[in-house]
Structure formats: C-alpha cells, structure tokens
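Before reading on, take a moment to look over the sequence and turn the structure slowly.

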Amino acid sequence: MSDSSPAVVGNVLLDARDVSKSVRGPEGQLDILRGVTLQVQTGESFAIVGASGSGKTTLLGLLAGLDTPSSGHIALDNHALEQMDEEARADLRRRLVGFVFQSFHLLPALTAEENVMLPLELEGSDDARSRARAALDAVGLTPRRRHYPAQLSGGEQQRVAIARAFVHGPRLLFADEPTGNLDQRTGHHVSDLLFALNHDHRTTLVLVTHDPLLAERCARRVELHEGRVVTRGAAELTI
Amino acid sequence: MRLLRLALRSLRREWHLPELRTLAASMTLAVVALGVVATLATRIERGMLANAAELIGGDLGIASPQQLPADYAAQAHQRGLAISHGAGFPSVAFAHEQSQLLDVQASDAAYPLRGKLELRRASQGDVIGHGPAPGEVYLDHRALVALALKAGDHVQLGGRDLLIAAELLRQPDGGELFALAPRAIMNLADAEQAGLLGTGSRARHRLLVAGGPAEVSRWRTWVQTQALPQGAELITPEQTQERMRSAFDRASAFLRLTALLSALLAGVAIALAAQRYARRKTNEVALLRALGTPRRRVLGLLLGTLGALALPASLLGMLIALGIAQAAWAFASTLFTSVPVALPLGPAFAAAAMGVAVLVGFALPPLARLAEVPPVAVFRESMARRVRRFDALYLIPVAVALVLIWSQSGSARMAGILAVSLVGVAAVAALLAAVMLWVARHVAPGAHPALRLGLAALARRRGMSLLQATALSLGLVALLLLAIVAPALLEGWRRELPADTPNWFVLNLQDDQRPGFEQSLASIGGQQLNMLPLAVGKLMAINGHPIGQLSFKDERAKDWADRQLRLSWASDLPPSNQVIAGTWPGPQPAQPEISIDTMWRDMFALKVGDTMSFSVGEGTIDAKVGSIRQVDWSSFRVNFFLLLDPAHASELPHTWIASFYVPRGHTESLAKLSRDYSNLSLIDVDALLDRVREIVDRVSHAVRWVLGFSLLAGALVLAAALAASAAERRHEAALLRTLGARRAQLRAAAACEFALLGLVAGLTAAFGAAGTGWWLGRAVFHIEGFVPPLGPLVLSALGAATVVMLLGLAGTRKVTRTSPMRLLREG
C-alpha cells in the first residue's frame, strides 16, 4: 500500500483509500468497514453519518490513527498511518489532532483549566496555564475555569472539551457525536462554537453524528451503511 | 433465604473481579496469621505449664503450715488425680559427732508426680528415683561434705538412724535456685513417726496432685471455693521459673506482634479492595435503586455477598492455620519433654471470628455508603459521590483495629504503643503526602515534563494519592517492624545472653575465702566473676509498727514477712536494675538507706521515705526507703529485692554470693573446687541457659514463618493500593494516548508518581518503624540499650520506594497499552 501514499497532494489533509476493518468475534470474522475511500481538504468541515453500528466510530478512530485498518491506506498530512507504529501515530496526533467526544471525557479530578492544560503538558509547553486560560476565554468559560467537571453542566463540559481540543492549535479536529449528550439548544451552541473555530482558525473539522442538521452544516458528508459509504453529500458522488 | 441465594449468585458472577479475590485472600491471610500464632501460643503455654509442673513435682499443689484436711486429697482422688503428700522443715543432722542444719523434705514414695528426682547411688550410679523408702534418706553434696559422709553411710535425723541410700543430685524444686541450707529428702512416715511434723513444728505441709488438664482444673476450681487453712497457699506451675516464664512471655509477645501486624496489613488491603469494589458497583446499585430496590435490601445483598465470601475464606484460613501450627509444633515440641499437648482448636476458631471482624470492619464503610447511592445517579454519575467532611462509619475500621491490637497484643502497653505508633504513622504519611501534593501543584509547571506529568497525576488523584500513601506507609511500617526491627529485637535479646553469660552460682562464700576462691576460679578459666554480699535477716517493722501487727491486702506479704530474707548491698546500681522512684544512695548517706524492688513496694504498700526495720544476726538495722527499683529478673545476674547502702550495711554478718562463667567441660575442676571449699554450694544454670537460648532460637524461626504471611499480606496491600486506581489510570491513559502522549511519557510519569509515593511511604515507614521499635524494645521487651538499625531501615525504605515504583510500573504496563479506541467506544 505504501506505493500509493505519494498520491496525496495539494491541500488534501486526510486521504483514505479502500479502507477495511475486520475483527474476529465469537461467530467468526466481522467486517466493520469495507473499502471506504474518502478525502478531506485542509480547512473544510466533513461529516460522517450513519445508523448505529454502521462503522462511523471505527472509521473516525482509523482516520485519527487511534487504530490501524485491516487493509487499505490512510494518510494524515501526507503521513501513511498504516506504516507508523503506535508511538509515531501518537506523536502525529499530539502535533496535528484535537478530539471532542460525545461523553466529553474530562478528567473528574482536574479543574476545567487543568483539563485544558493536558495537551500542552504533554508537549512540554512552558506557558500551558496562560494558553489554557485563553482557550477557556474563547469558549466563554473564564468564570468557570476553577470548577471541576462535576460542577459543570453538560454544555459547559463540552465547551471545556472543545477548549482542550483547540488549545494546542491542531490542524485537524475530530468530533465524535459532539452534541449527542446535549439538548437541542445547547447542542446548537456547541456546534456554533465548533464551526466558528473551524472558520476562524481554518481548522479542518471531521465529525461523526446522527444529527442531520449538524451534518448539513458541514461542507461535505458521507453516509455509512453496514461499513460501506452509501451516499456522499455536497461535492461528493453518490454511489 | 432469597437474599442469600441472590448474594451467592452475585458472588459467583463477580468472583473474577480482582478486588473480591483480594478481599478473600486478605481475610484468609489474617485468619492464618492470627490462627497459627494463637494456636502455637496456646500450645506453648500449655507445654510450658506442663514443663513447669516438672519443676514443682506435680500439676498443682497446696502448701500449708498445718496438716491439710483429708478432704483435699479425697477430692483429688475422686477426680482420678495422682496424689503425693510431703512436708518441708529445717532439722539438724548428726554424724560422727558433727552436726549440720538441713533443709529437709519428707516425701512419700509417689514423689515426684512430675519431673525427675535425680540420685547417685553407690551401687547403680546416677538414677532417676522416687521418695526414699522408710529408714532411708537422700542427702545432697553439701550435706554429705559437711557431715563427712557418703552414700551407704548412716546419719541421725529427727532422732532416727537413717541409711543414706543415695546422693541427691537434682529434684523438682520449684525453680528455687538459692536454698540456703544443704538438702535432705527423708521418708514421710519416718518424719511423722519421729514427731517432726506435729503441732508446734516448723514444718510446711504439701499436697501435690497430677492428672489430666481438665481434672486438675476441676480440682483447682473446687479448691478455690474452699476456705484454705490459715497461711496455706496454692502452688501453681505459673509461679515457678520466672526466668523461663519471662522468656516465653517475650516469645509470645514477638509472635503476637507479628500476627497482629499481619492482620492489620490484611485489614488495610481489605479496606482498599472494598473501596474499589464499591466504586465498581456504584452504577449497578444506582440501577437497582432506580428499578425500585429498597436501600435495606441493597445493603443486605452487599453484606450477603460479603458473608458468602467470608465463610469459605475463614474456613480455609482456619484449616491452613491448624495445618501450619501442627507442622510448627513438630519443631517446637522438643522444648517440652513432659505430657503431650493436644492441638487446641479454640484459638483457630477465635482467629476465624477475628478474621470476620476484620473483613466486616474494614469493608463495611464503603459498602454501607454504597447502599446510599441515590437512584438519580443513573442519570448523573456525580450524584453518586457524596463527599463528607467526616464520615463516622470510618471509625468502625479504626475501632476494629484498636480492638484487634488490644486483644492480640497481650499487653496494654504494647497495645498502646502500637496504636499510637500506627495512628502517628498514618497521620504523618497523610500530612507528608498532602505536602507533596501541595508542592506538586506549585512545582509542577516548572519541572521536567515526566516529573510534571507524574506530579500532575498525583495531584489529579488527590484523595487516592493520600489514601495510597497512608495505606502503603502502614503496610511498610508493619513490614519493616517485622522484617528489620523484630529480628533486631531478637538479636538484642540474644545479646543479653552472650556465650559468657554466668553459668554458675556459688553460695555461702566466707570473707576469708574470697581471695583464695577468686584465685582458684581464675586458675580453671572462670570469668565474669560477680560477687555480692549476702546477709540473712527478717523484716521486723515498717515505720516503727511491728510487722505482726500490720495487715496487708496482698497475700504474699504475710508469707514474706514470715520468711528469712536475703539482703545485699552495692555502691553502684547493679545492671538490669532501674531506679523508678527516689534516688540511689550516695557514698555516705546520713542514715541507713534501702532500695526495694517494685514487688516489695506493691506487697507492703511502701513508698520512698518509709522506714523498714530488719533483724540481721544479733543486731537490727532501721533503713529508710531511699529508692524503688524495676529489676529485670530475666537477666542471668544475681539480683536482690532488697539492697542496703554499703556504708551502713557492710558490718552486718554476711557471706558472699557470686556468679561466674566457666566454659563447659570443666566438671572435674569444678568438682575439685567444690571439694576444696566444702561449705560452698555450686549451682549449675547451664541447663536453664540452654533452654532460654533454645527458646530465642525457636522464636526466631517461628517469627520467620509468620513473617512469610506478613510479606504476603504486605504484597496484597501494595497490589490493592495500586489496583485501587487502576480503572482511573486506564481511562486516563486512553485519553492521554488519544491526545498524543507517548508510552515512554506515560511510563516516565508513572515512574515519577510511584517513586514519589513510595518515597513518602517508605521514609515515613522507616522512621515510624524505628520509633515504634525503639519504644517497643524499651517498654515491652525490656531490651537494654536497644537501638533500631536506622541504616538498614532507611535503605529498606528506599528499596521499598523502588519496589513500589517497579510494581507500579509493572501494573501500569497494561494501562499504557490501553488502546485509545477505548474512549471512542465508551462514547
């Protein structure tokens, strides 16, 4: 597969070709993804939609380098992920990637500010605290920076998670059902925030969602069904 | 019933959980440690009593100034006990126009019921025998020498002409080392016929019994319900052989300490595992509550599960304990040569009960709080955690620990020292950990990235870090006490009995014999000669009141007031004596002063400043109580209850008593010494010394056995402490990996975190163990000049920190390999 990696050119940030993922279960092999191909340009917003069990989260994990495909090729910023070991992929994630999860995944024993500082601490940044404060300010949570996750509402927790995802200036932001645990109004605010950051910082946004409204706000989208791409929105082809 | 079924089902499903296995293993270990030691201690105690019985010649006896009513013997006979009658009195023996005051014992043919009467017969050599036949007498070496007789000759005693059937070598003498007069044993019927035991005689009658422990105990109970004749007293094995007793007491204290610490360690492991179990069950309980299960039922289910776990764990613990105790007894029983001692089952049951108490006490608080999880927690996990500033439920494990310490330590003093020390260690560890966390927060931003992450991790799990540091400190202090302090204490004890500990005592040395004796002794290689004057007197009055007119609550007082007393004097406070009140007299006190030991203070309710009057020889001496001493009677030195100041006492009529060391194999030289100084009594205490040394050695072995369990318990604490934060760590590691943390970064952070944790715990434990050891050595084990080995302790603490770090790293190996996909899967 390595001979195909140089094919990624220009402003394509994420390039997946013929990606499949299978796992061995008690009832034999289970194909979760089957020959998925897609490209994401720098600065664009991209939605992956589909029913539960369609393979969305698995695809997101593969695109982010959290896992490796059974076959196929994925390049992130021209780096062929399947050729890198877990350590190198972690290094790449630290430099290029931010994450927002459905369940926020804030560390309960840390204040909002300390949670935001985490990626900076991993980098060894000397001004982690001031940058974390700036990021919290950007999501409107300065007054809550000393609060612990348990003392924050769901919307506030997700805004902290967004601040954490943006604080180290990633080029690519992965969001897994970012509004899935929030009410409609709060979800709307959070998605506004994500798209504003996407626009203001030209951060590429890849999100997985059930929410058709959220998906529609993305420049492009693909729909998965039983591990295959079945529709492509906006500029994409429909199979 | 239904609840029990549910609990059993729940246990079966959850048995794979490591925390439940930790709970079961910890409880089993606690029962094993407590059970082995308690079983062994009980058996040793019984063996010791049986041994001591050899020394008084029976299992129990009564001594009385008058003939005992026949009822006493009849009751013993009814209970199937063997009986021996006897009497002791002073009498003068005559032979070849020489006379000698003898300490005579009249015995029947059954004597001794326990132990051995060693005799040297002219025809048969050394034999084991019984009381002499009518017309016969046994005389000891001193009596034979004094009267210029030998076995086979005749002697006049009580007006009767008796055949010296044998030389008396050794008899069950109640451990009385210092009989003042030479000894003789004659037939009881002869003594009666000679009128030596009639009214007005100075005879002290004695009834000895022997038999099965239950029968003896029943007879003893019956005796205690009777009004004993005036001046009569029970002769019990417990009263005899203070030195042996002291050795066994120390041995038992060591073993109990080891078991107790193991049980406490197990308690800490149980507490940690229960915390983890409670946390894991939170969601399930919230769901049960949401589905309408009442709180009481939830609590019942949790306790049922705990109970279902406790029963087999304690049974297993009991069986292992009994097995090990049986095996260990095979080694220890050679110490006890008398009646066989059956394996006692009671202590193992008691240990199982204590194990259950430890399990319930330490596991109850988190489980009881778990039952309080509100149903709403199914919607919002944070609702499940109700933080309390003070939770009274957590006083339960503290109370269980205190009860355990109190019941197991066997001494209020040891219990107090341990309780204060362990609470102190816990408090210092928590304080140090809090300081470390504070420093972590303030130093972290400028520190090395790995250290910063490690410090941040510690600070993140603030509560857990405090708990881990405290639990590890307690675990380590117990281990260090066992592994380093206890052997050092044992070594200190052994040093008290060095190879050249005096093994001979000599009595009756006269002033003019001293130089010659010293010279003769030196010529046969005698060393460590320690000579003290010995005057024999009688207590006449206290504060001017004649002793006969005073009454004392302590029954021993009358006995001592009637006795001939041994007085001595010394210019310096003898070794193994400690002045606890008043002052040691200067070289020339204005009036005669006396220093008394604590037993005398208690018996006669004496205090510093009181006056005691003694008659010694023809004269009297009135001495002011100048000081009160604590005497270590376990030391093999000549010690006295009563010590006068030399300035006023040196003119009293006296002889000398000496202790010295002669290497073994000098029997002939000593026999010659004995012949040269025929008035002297030479007493060999090698056998006694050997026995004490043997006890020390065997205790060291036994402590090592129990130490093995303690190490296991310690490992469980460590595992439980590390496992307590494992789930949190895994989640955190997955998140950090997702955010791009390298494995090396996570490992370095974990290494820093655990090293810091280990260091805090290790250093607290090292100094805690040193302090506790010093205190125990001084106050409980009475080991003079005991200094805990601080160097090895600190090294061990650093070693422990390294082990904690390595184990922590090993434990986080799996954590650092956690797939970051886990987070996405969790949503």
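Two strands are said to pair if DSSP finds at least two bridges between them, and this idea will be needed when we come to the strands below. Keep in mind throughout that what you are looking at is a predicted model.

Within chain A, the highest confidence belongs to strand β4 (residues 71–76), at 93, whereas the lowest is found in strand β10 (residues 228–232), at a mean of 81. Over residues 1–10 of chain A, however, the pLDDT is below 50, and in the model this stretch has twelve contacts beyond near neighbours in sequence. The pLDDT is also below 50 over residues 235–239 of chain A, a stretch with eight contacts beyond near neighbours in sequence.

Turning to chain B, we find 23 helices and 22 strands in a chain of 827 residues, of which 45% count as buried. If we take the contacts in chain B between residues at least 6 apart in sequence, 86% of them join residues at least 24 apart.

A single residue can show how such a chain comes together locally. B:Tyr111 is found in the loop that lies between β3 (98–107) and β4 (117–121) of chain B. Is B:Tyr111 buried or exposed? It counts as buried because it has 25 C-beta neighbours inside 10 Å, and the cut-off for being buried is 20 or more. Leaving aside residues up to four places away in sequence, B:Tyr111 touches B:Gly57, B:Ser84, B:Gly86, B:His130 and B:Gly131.

One is strand β5 (residues 125–129) of chain B, which runs antiparallel to β4(B) and is joined to it by five bridges; the two strands form a hairpin, with three residues between them. Another is strand β8 (residues 160–170) of chain B, also antiparallel to β4(B), with three bridges joining the pair.

Note on methods
Residues are numbered from 1 along each chain as its sequence is written. Chains are lettered from A and ligands numbered from 1 in the order in which they are written. This is a predicted model: local features need pLDDT of at least 70, side-chain atom pairs count only at pLDDT 80 or more; totals for chains, interfaces and linings use all residues. pLDDT is the predictor's confidence in each residue, from 0 to 100. Helices (H or I, at least four residues) and strands (E, at least two) are DSSP runs, numbered from the N terminus. Two residues are in contact if their C-beta atoms, placed from the backbone, lie within 7 Å. A residue is buried if 20 or more other C-beta atoms lie within 10 Å of its own, exposed if 12 or fewer, and partly exposed in between; C-beta atoms are placed from the backbone.
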